[in-house]
Number of protein chains: 2
Amino acid sequence: MTDDEKFMAEALAQAQKSYDEGGLPIGAVLVEDGKVIARGHNQRVQKGDPTAHGEMDCIRAAGRRARYASTTLYTTLSPCMMCAGTVVQFGIPRVVVGEAKNFHGNEAFLKENGVEVTRLDDPACTELMARFIREKPAVWDEDIAGNDP
Amino acid sequence: MTDDEKFMAEALAQAQKSYDEGGLPIGAVLVEDGKVIARGHNQRVQKGDPTAHGEMDCIRAAGRRARYASTTLYTTLSPCMMCAGTVVQFGIPRVVVGEAKNFHGNEAFLKENGVEVTRLDDPACTELMARFIREKPAVWDEDIAGNDP
């Protein structure tokens, strides 16, 4: 198992935790110096917070810091425009994406802005997300306001 | 006083509230059908939350909703890439910006993505933000991770 696969498994554990809570199964971890420094998952259902996508919840959990140049963000699903914009604003230099089948996301935007993007096409990430979309399509539609680029 | 000026005064009141709390003086309100439906201000200092820019705190306060097509976002300062990305993802069709002197922000990105942008060049918004940047330059630098486009 590569380091990327190992950290993606941690992001997927966050997604599974959210699914088990009845929430959207999208998880993220922030890694620095080979260690997970923050974890997060989508909190739309759990906290009624539309801005708490998995990536945002994770970056929030990391707390205040001046720069992000030494971090890598792992996310089970390709980032929406909110999360991609956050990566660019904060200067996170690398994003590892679990899958982009259930949501195309904004990998091109990230790359155009100098972010290194690695997509793993992880079947476990894809299956969990696909299951949620089948079960609760209205909640998924709400999470992205019907907007997949 | 136009409606835009009236709602910007409400966003500025949020910015002043944050300043009085020792935080970054950036405020926002979300308006629908001629009424303010949510207010917010930057919470980096107050809550230790790097994702809580004024616009994000306001959108969070508005809670869950399926669509934003009937809303307008008022913000005292031109939106960073996180906040601009959020506007585009959620489909907020119009953003009114207090000022873009202290931070250039991403008005071009918003327009390219079909968002109507009105900038008021409000001296009161500009002065309050400029004062904070003079007083606490390191906190301001941290808020945008040193990145003004």
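By class, 8 nonpolar, 2 polar and 2 charged residues make up the lining of the largest cavity, where Ala, Val, Leu, Ile, Met, Phe, Trp, Tyr, Cys and Pro count as nonpolar, Asp, Glu, Lys and Arg as charged, and the others, Gly among them, as polar. This is a predicted model, in which local features need pLDDT of at least 70 and side-chain atom pairs count only at pLDDT 80 or more, while totals for chains, interfaces and linings use all residues; side-chain values use heavy atoms, with hydrogens and water left out. Residues are numbered from 1 along each chain as its sequence is written, and chains are lettered from A and ligands numbered from 1 in the order in which they are written.

The structure holds 2 cavities of 30 Å³ or more, a cavity being a set of points on a 1 Å grid over the protein atoms alone where a 1.4 Å probe fits but cannot get out, with lining residues having an atom within 4 Å of a point.

Helix α3 (residues 54-61) of chain B packs against α4(B) at an angle of about 35°, with the axes 8 Å apart.

Helix α4 also takes part in a contact between the chains, where α4 (residues 81-90) of chain A and α4 (residues 81-90) of chain B pack at an angle of about 170°, with their axes 7 Å apart. That makes α4(A) roughly antiparallel to α4(B), the term for angles over 145 degrees. The residues of this contact divide into 8 nonpolar, 6 polar and no charged.

Chain B can be laid on chain A with an RMSD of 0.0 Å by a turn of 180° and a shift of 0.0 Å along the axis, copies being superposed by least squares on the C-alpha atoms of residues with pLDDT of at least 70 in both. That is the relation of a two-fold axis. Of the residues of chain B, G85(B) comes closest to this rotation axis, at 2.5 Å (C-alpha), and the same surface serves both copies, since 100% of the contact residues of chain B recur in chain A.

Methods
Axes fitted to C-alpha atoms, helices over the stretch in contact; angles between N-to-C directions. Helix = DSSP H or I, 4+ residues; strand = E, 2+ residues; numbered from the N terminus. Parallel < 35°, antiparallel > 145°, perpendicular 65-115°, else oblique. Contact = heavy atoms within 4.5 Å. 1 Å grid on protein atoms, 1.4 Å probe; cavity = no way out; pocket = protein on both sides within 12 Å on 5 of 7 lines; lining within 4 Å. Points joined across faces, edges and corners; volume = space filled by probe spheres on them.
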